[in-house]
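Here is my note on the model, point by point. Please read it with the structure open.

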Amino acid sequence: MNSEKLQNLLLNAIDKKGISQRELARLSGISRSTLNDIVNGKIKKIKLDDLYQIANILELNLENLLEACGFKGVISSLNVDRYEGMSDRELKELLDKYSESEFELLDWDAKKRKQCSEVGKKLFDIQNRIETSEKLNKNYTKKEISEDIKRVIEELKPIQQKYDYSKLPRNK
């Protein structure tokens with residue numbers, strides 16, 4: 001985030017609009033301390049809703065605010081022609097959808113890692129059971145081993161499924 005650029009943008013717009021930071025906080029629904037932290041670059045990840053409110057009240061271009069807040073990568077990844085002419089509200093809604101889908105993808109990934117960990121534990125248990133049965137001359141039959149491995153293979157199948165990328169937001 002370019003806090004100096006953001007600070008300059010906000011302070012100039014506040015001055016131009018002729019309102020105080022206190023008034024901007026009240027109009028935007030953002031606490032005064034949060035707004036002060038945003039203006040002074042103390043918040044590293046600013047909520048999109050807050051930026052949207054600030055942009056609307058100060059009549060700023062949301063894209064400029066997003067860039068100053070470090071969202072340039074998101075903006076530059078968007079095909080300019082495809083998103084040209086979108087209102088700030090539409091752009092904000094689309095960015096919110098991307099944010100939601102990012103969280104969904106992270107949740108999906110965490111679930112997969114948890115499933116892999118559980119399967120790994122089961123494979124470790126099978127390996128341990130084989131080694132222990134050999135050491136103690138107990139029988140862990142090939143049939144039992146085969147059935148245990150088949151169960152683990154079945155548990156691996158859902159983990160192998162790819163993320164459904166059709167869930168990602170699309171511009172109309």
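1. Which residues have the most contacts inside the largest nonpolar core? They are L6, L10, I54, L58 and L65, in a core of 26 residues. A nonpolar core here is a set of buried Ala, Val, Leu, Ile, Met, Phe, Trp, Tyr and Cys residues joined through side-chain atoms within 4.5 Å. At least two residues of this core come from each of α1 (3-17), α2 (21-28), α3 (32-39), α4 (48-58), α5 (62-68) and α8. Helix α4 gives the most, with seven residues. Another core, of six residues, lies apart from it, and V119, Y140, I145 and I159 are among its members.

2. A word on the basis. This is a predicted model, where local features need pLDDT of at least 70 and side-chain atom pairs count only at pLDDT 80 or more, while totals for chains, interfaces and linings use all residues. Residues are numbered from 1 along each chain as its sequence is written, and side-chain values use heavy atoms, with hydrogens and water left out.

3. The protein has nine helices and zero strands. Helices (H or I, at least four residues) and strands (E, at least two) are DSSP runs, numbered from the N terminus.

4. Of the 172 residues, 28% are buried. Buried means under 20% relative accessible area, with a 1.4 Å probe and protein chains only. The protein exposes about 12100 Å², and carbon and sulfur atoms supply 48% of that area. The areas come from the Shrake-Rupley method with a 1.4 Å probe.

5. Among contacts with a separation of 6 or more, 63% join residues 24 or more positions apart. Contact means heavy atoms within 4.5 Å.

6. How do α8 and α9 pack? The axes of α8 (residues 88-135) and α9 (residues 142-159) come within 10 Å and cross at roughly 170°. The two helices are therefore roughly antiparallel, a term for angles over 145 degrees. Axes are lines fitted to C-alpha atoms over the stretch in contact, and angles run from 0 to 180 degrees between N-to-C directions.

7. In that pairing, α8 residues including C116, V119, L123 and I126 meet α9 residues including I145, I149, V152 and L156. By class, the contact has eleven nonpolar, one polar and six charged residues. Asp, Glu, Lys and Arg count as charged; Ala, Val, Leu, Ile, Met, Phe, Trp, Tyr, Cys and Pro as nonpolar; the others, Gly among them, as polar.

8. Beyond its neighbours within four places in sequence, D148 contacts I126, R129 and Y140.

Notes
Buried means under 20% relative accessible area, exposed over 50%, partly exposed in between (1.4 Å probe, protein chains only). Angles under 35 degrees count as roughly parallel, over 145 as roughly antiparallel, 65 to 115 as roughly perpendicular and the rest as oblique.
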